[in-house]
Amino acid sequence: MSENKNKNLSRGLKSRHVQLIAIGGTIGTGLFLGAGQSIHLAGPSILLAYAITGLVCFWLMRALGELLLSDLNSTSFVDFVAKYLGKRVGFVTGWTYWICWISIAMAEITAAGLYMRFCFPHLPQWIPGFVILLVLVTINLITVELFGETEFWFSIIKIAAILMLIITGIVLVAIHYKTDVGYASLSNLVAYGGFFPRGAKGFILSFQMVVFAFVGVEMVGMTAAETQNPKQVIPEAINDIPMRIGLFYVGALFCLMVIFPWKYVSPTSSPFVQVFQNVGIKGAAAIINFVVLTAAASACNSALFTTGRMLFSLNYDNKSKLGKKLGTLSHTQVPANAILVSALVIAFAVLLNAFVPGKVFTFISSIATTCFLFIWSTIILAHLKYRKQLKSEGKPLASFKMPWYPYSDYFVLIFLIFVGFVLVLKVDTLIALIGSILWLLILNIIYFMRKKRKQTTK
């Protein structure tokens, strides 16, 4: 493969690509398959949990957006973490973010194999996952524009499914449609134990699932170095986050619960299937299966993009032979070597998953998602340090600045600490939290060992 020694990434992502990537980053299989479990845990109060978490994600992205637009030559947000919090924190954050997205891709590719068995029950689970991975790697290796176009259409499918549910909900409530368990009505929100039927405990415990549903929202920050006119496109994509969360999460869950009272929503199957089947849509399960397959492919597509750019960024100025290869672009200005290495790790992990007990795989995925609390915290801390430095140097603020600074930053940090506390309340999430802390400690030890080795070889 011919390589380009120019280390500038191609600015091939258009405004519509970034807008839909931003939307896709907040809509995953958790909404289509896991919403029933969330509703069962907290009842209608899950709407408030999503609204609060949505506000936190908006402030998180505003902080990230301000950092990104302060230096458009940076290849990822980890550059700012290293600049303002130190190289050690940058090293730990970068490799944690890389392994997190590797884990997400592993989980989604494995899930894609299961979804394909809905139509082809005798097909070995690893085959569809491997084929999807191969197709997506090819797309990512060609041009960043092709990646953006693929993600654009993946997002369109997910959005169409949610809009279909919302329109269905409006119509059914308007005609007072009779379901298997009563009538579609706004009163269903409070008719079965009020807005907080599970009390404060159910509401608090729900934040664990709600926060992890938003994992990937920061991915739009990885597109800044490859976006046409980023000073306009990135602020637009970030400022639309409250509307997207309000419509696609709060709106969808609201419609689910006014059609079916929350206590009748199945915690083990997709509530989307339950609603569409009840209104007589034939093949509802097949339709939602196609949508979740799309969501899984979308997550893997995003993972290849993100892990490739992160591995490139981590090796940008690496002097070793392998580091130079990973920190080099192809002739189409994509980090092809970094994408291929990431894809090989994902493929190996998927094959390994066939021989590893399911609980081990779930445990690794849980650690990865828990690590996002650390990653999001470093973004906020880097923003606080950036603002402090600007003030000390007497430099003017950027036009796209964090609203209600510094209180919004502190609110996000307090919220992330609160979620960490919630993880302690359940055994499975506590184990994942301990595992993520151990992972971060291991990375710190590796950093100090590498630093010591460099010093001794000088």
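I began with helix α17, residues 407-424, whose 18 residues reach 26 Å from the first C-alpha to the last, close to the 26 Å expected at 1.5 Å a residue; the expected span is 1.5 Å times one less than the number of residues. Helices here are DSSP runs of H or I with at least four residues, strands are runs of E with at least two, and both are numbered from the N terminus. Among the buried residues of α17 I noted S408, D409, F415 and L423, where buried means under 20% relative accessible area, exposed over 50% and partly exposed in between, with a 1.4 Å probe and protein chains only.

I am reading a predicted model, in which local features need pLDDT of at least 70 and side-chain atom pairs count only at pLDDT 80 or more, while totals for chains, interfaces and linings use all residues. Residues are numbered from 1 along each chain as its sequence is written, and side-chain values use heavy atoms, with hydrogens and water left out.

Rings of Phe, Tyr and Trp (its six-membered ring) pair if their centres lie within 6.5 Å, with planes under 30 degrees apart counted as stacked, over 60 as edge-to-face and the rest as tilted; the count comes to 23 aromatic pairs. I looked up Y97 and F372, whose ring centres are 6.0 Å apart with planes at 75°, so the pair is edge-to-face. Because Y97 lies in helix α5 (residues 87-116) and F372 in helix α16 (residues 372-393), the pair ties together parts that are 275 residues apart in sequence. Y97 counts as buried at 0% relative accessibility, and F372 counts as buried at 1%.

I then turned to Y192 and Y264, with ring centres 5.9 Å apart and planes at 85°, so this pair is edge-to-face. Y192 sits in the loop between β3 (182-183) and α8 (199-213) and Y264 in the loop between α10 (241-259) and α11 (271-278), 72 residues apart. Y192 is partly exposed at 26% relative accessible area, and Y264 is partly exposed at 35%. K263 lies over the face of Y264, at 5.9 Å from the ring centre; for this, NZ of Lys or CZ of Arg must be within 6 Å of the ring centre and within 35 degrees of the ring normal.

Most residues other than glycine have a negative phi, and most peptide bonds are trans. I noted a cis peptide bond between Y405 and P406, with omega about 0°, and P406 lies in the loop between α16 and α17. N229, not a glycine, has a positive phi of about 55° and is partly exposed at 44%.
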